Amino acid sequence: MSGRNTALTPPDDAAAPVRHPDAPAPGEPLGAHYGHCFGCGEGQPHGLHLEARAGEGVRVSAEFTVKPAHQGAPGLAHGGVLATALDETLGSLNWLLRVIAVTGRLETDFVRPVPVGTVLYLEAEVTAVAGRKIYSTAVGRIGGPQGPVAVRADALFIEVKVDHFIDNGRPEEIRAAMSDPDQVRRTRAFEVNP
Ligand SMILES: CCCCC/C=C\C/C=C\C/C=C\C/C=C\CCCC(=O)SCCNC(=O)CCNC(=O)[C@H](O)C(C)(C)COP(=O)(O)OP(=O)(O)OC[C@H]1O[C@@H](n2cnc3c(N)ncnc32)[C@H](O)[C@@H]1OP(=O)(O)O
């Protein structure tokens with residue numbers, strides 16, 4: 001990785017994020033980006049079924065209820081599942097920028113154990129943009145939207161073209177996605193980004 005800048009701190013010449021004019025209004029649900037997504041899709045029985053809503057600026061909020069299928073230790077959420085909830089919430093921010101992006105780096109702090117049955121209240125925001133690099137941060141609280149922080153993360157997403165998925169995804173799922181008009185419409189909405 002020598003010569004590559006993979007830091008989670010934006011460079012000095014990074015720009016403030018700009019909310020896309022067609023971004024959903026604050027309070028509106030963003031909906032799943034893909035029905036079989038483990039984070040947000042309805043078609044994954046043991047998935048997180050995370051529902052994100054647009055906030056003000058380039059911010060989102062989301063809730064995730066920890067189910068028995070998400071355990072690591074007895075009665076406690078698996079850390080990787082909590083990282084997935086953070087990743088998914090952070091990923092949904094890119095919908096407000098109308099940019100397709102994938103996680104390059106995700107740095108997670110696990111601050112408190114999260115029992116099964118808990119609702120994790122997540123909030124995320126984009127802090128800066130530098131070329132294809134999108135810097136963002138998220139927290140997850142328990143006991144209520146203003147409760148104590150249980151998890152937090154900083155992330156770097158990298159903008160990609162839709163070809164990233166078409167070229168790399170397993171052909172049978174890509175074929176199915178491309179023959180689903182709702183999926184195509186949702187994906188194409190990103191491509192008109194100037
Ligand atoms: C029509 C049907 C199509 C179906 C599509 C369906 C849906 C699509 C729509 C929306 C869905 C979009 C996303 C999903 C949303 C949420 C899910 C949660 C998010 C995820 O779960 S997503 C999965 C996990 N994610 C990956 O699967 C990424 C694997 N990876 C790669 O695919 C490459 O690695 C890539 C593309 C990241 C970069 O590759 P590349 O060749 O384009 O760019 P390059 O290497 O030149 O890097 C450019 C600059 O980024 C820096 N950089 C690169 N990598 C870095 C790293 N790891 N850490 C820190 N910095 C990094 C470099 O340092 C350089 O920075 P600098 O220029 O300053 O040096």
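Q: Among contacts between residues at least 6 apart in sequence, what percentage joins residues at least 24 apart?
A: The model is a predicted one. Contacts in the protein are considered here between residues at least 6 apart in sequence. Of these, the share that joins residues at least 24 apart is 66%.

Q: What pattern does the protein follow when read along the sequence?
A: The protein has four helices and six strands. Read along the sequence, these elements give the pattern β-β-α-β-β-β-β-α-α-α.

Q: What is the radius of gyration of the protein, and how does it stand against the globule rule?
A: For 194 residues the globule rule gives 16 Å. The value for the protein is close to this, so the protein is as compact as a globular protein of that length. Its radius of gyration is 17 Å.

Q: Is H1 largely enclosed by the rest of the structure or largely open?
A: Helix H1 covers residues 79–97. A residue counts as buried if 20 or more other C-beta atoms lie within 10 Å of its own. In H1, 15 of the 19 residues are buried, so the helix is largely enclosed by the rest of the structure.

Q: How far does H1 reach from its first C-alpha to its last?
A: H1 has 19 residues, and at 1.5 Å a residue the expected reach is 27 Å. The reach in the model is close to that, at 28 Å.

Q: Which residue just after H1 takes a positive phi?
A: The phi in question is about 60°. The residue that takes it, just after H1, is Arg 98.

Q: Which residues form the covered face of strand S1?
A: Strand S1 comprises residues 51–54. Its uncovered face holds Glu 51 and Arg 53. The covered face is formed by Ala 52 and Ala 54.

Q: Which residue in S2 stands opposite Glu 51?
A: S1 and strand S2 (residues 59–65) run antiparallel and are joined by four bridges. Across this pairing, the residue of S2 opposite Glu 51 is Glu 63.

Q: Which residue in the hairpin of S1 and S2 takes a positive phi?
A: The hairpin has four residues between the strands. The positive phi is near 60° and belongs to Gly 57.

Q: Which element gives the most to the shell around the ligand?
A: Of the 27 residues around the ligand, Arg 4, Thr 6, Gly 91, Gly 104 and Arg 105 come nearest. The elements that give two or more residues to this shell include H1, S3 (101–110) and S6 (149–159). The largest contribution is four residues, and it comes from S3.

Q: How many residues of the shell around the ligand are charged?
A: By class, the shell has twelve nonpolar and nine polar residues. The number of charged residues is six.

How values were computed. Residues numbered from 1 in each chain as written. Predicted model: local features only at pLDDT ≥ 70, side-chain atom pairs only at ≥ 80, totals over all residues. Near = placed C-beta within 6 Å. Nonpolar A, V, L, I, M, F, W, Y, C, P; charged D, E, K, R; others polar. Rg over C-alpha atoms; globule rule 2.2 N^0.38 Å. Contact = placed C-beta atoms within 7 Å. Buried ≥ 20, exposed ≤ 12 C-beta atoms within 10 Å, placed from the backbone. Pairing = 2+ DSSP bridges. Expected span 1.5 Å × (residues − 1).
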